[in-house]
Amino acid sequence: MSELVNVRLDSDILYIGINRPDKKNCVNHATAKQLVAAFQRFNGDPKVKIGILYGEGNNFCSGYDLSEVSTLNSTNFDPDFPQKYRYMGPSITELKKPLIAAIEGYAVAGGLELSLMADIRVCSRSAVFGVFCRRVGVPLIDGGTVRLPRIIGLGRALDMTLTGRPITAEEALHWGLVTKVVNDGEALNAASELARQIIKHPYNCMLADRRSLLNSFDATEKDAFAFELNSLSVLPDAIQGAAQFIKENQRKKSKI
């Protein structure tokens, strides 16, 4: 039996792939639990520097499996699970490292919410985003109402949430929901290239700036400035990096 979530480590990049392509990668309870385990590894494995979340096949994730929702009971669902996590699994997990979402096809309903976990989203030209759960009366409970307005602004978040209409890749790029649109079938490759670009820089400094950016949303300006100053904890790395830069620059000049 194949895994519902494929997880593989390639150098410093952890690939996490939802593996229900015949169901447009909709998530059921078993898949949600495997996603939780994958992200626990992502946070806890020191060999992992960055992660990429994607969907196997032609879709990222079409949300929660409605066929399971219609038959939920205590025998096929742990009622305590969404209190500790959420129905989609790791949706409200605090990620300690950067995550990129590589999106092909549908990223809708709970699938949209999973994509919002990521620091950066890359999608294919035919990708479709949307709060499609609006159509069946299922609320956003996997972080969507929290993260979506932070990323695209309240007005656009209300547009998506109230109408449930599909958002094209072009509109998503214009809104800042994604930062790059590529040809169909190329989202994962583009995300991998971006991941390698990110981790080639001094790692601890990047993590410090990332933490400061994320902290600023929940802090007063004064507290945010104070938190930012804590980034001086990576000063030894900065000194080493500056010295290496000067050395390389002098070496290049000596060859002229």
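A residue counts as buried here when its relative accessible area is under 20%. By that cut-off, 45% of the 256 residues of the chain in this predicted model are buried. The chain is built from eleven helices and nine strands. Among contacts between residues at least 6 apart in sequence, 71% join residues at least 24 apart.

The structure holds three aromatic pairs. In one of them, the ring centres of Phe-39 and Phe-42 are 5.9 Å apart and the planes stand at 75°; since an angle over 60 degrees counts as edge-to-face, the pair is of that kind. Phe-39 and Phe-42 are both buried. Helix H1 (residues 29-44) carries the two residues, three places apart, or about one turn of the helix. In an α-helix there are 3.6 residues a turn, so residues three or four places apart point the same way.

Another aromatic pair, Tyr-64 with Tyr-87, is also edge-to-face, with 6.3 Å from centre to centre and 85° between the planes. Tyr-64 belongs to the loop between E3 and helix H2 (66-69), and Tyr-87 to the loop between helix H3 (81-84) and E4, so this pair ties together parts that are 23 residues apart in sequence. Tyr-64 has a relative accessible area of 13%, which is under the 20% cut-off, and is therefore buried. For Tyr-87 the value is 27%, so this residue is partly exposed.

The buried residues of H8 are Ala-187, Ala-190, Ala-191, Ser-192, Ala-195, Ile-198 and Ile-199. Several strands contribute to the cover over these buried residues, including E2 (13-18), E3 (50-55), E4 (99-103), E6 (120-124) and E9 (180-182). Helix H9 (203-215) is also part of that cover.

Glu-113, placed in helix H4 (residues 110-115), is buried yet has no salt bridge. The nearest side chain of opposite charge belongs to Arg-147, 7.3 Å away; a salt bridge needs the charged atoms within 4 Å, so Arg-147 does not qualify as a partner. A polar atom of the Glu-113 side chain does, however, lie 3.4 Å from the backbone nitrogen of Gly-143. Leaving aside neighbours within four places in sequence, Glu-113 is in contact with Leu-140, Ile-141, Asp-142, Gly-143, Gly-144 and Arg-147.

Finally, the backbone calls for a remark. Most residues other than glycine have a negative phi. Lys-24, although not a glycine, has a positive phi of about 55°, and Asn-25, also not a glycine, has a positive phi of about 60°. Lys-24 is placed in the loop between E2 and H1, and Asn-25 is found in the loop between E2 and H1 as well. As for accessibility, Lys-24 has a relative accessible area of 41% and is therefore partly exposed, whereas Asn-25 is at 0% and so counts as buried.

Notes:
Residues numbered from 1 in each chain as written. Predicted model: local features only at pLDDT ≥ 70, side-chain atom pairs only at ≥ 80, totals over all residues. Heavy atoms only, no water. Helix = DSSP H or I, 4+ residues; strand = E, 2+ residues; numbered from the N terminus. Buried < 20%, exposed > 50% of the residue type's maximum accessible area, 1.4 Å probe, protein only. Lys, Arg positive; Asp, Glu negative; His and termini not counted. Polar contact = N/O pair within 3.5 Å; in protein donor to acceptor, adjacent residues only side chain to side chain. Contact = heavy atoms within 4.5 Å. Phe/Tyr/Trp six-rings, centres within 6.5 Å; stacked < 30°, edge-to-face > 60°.
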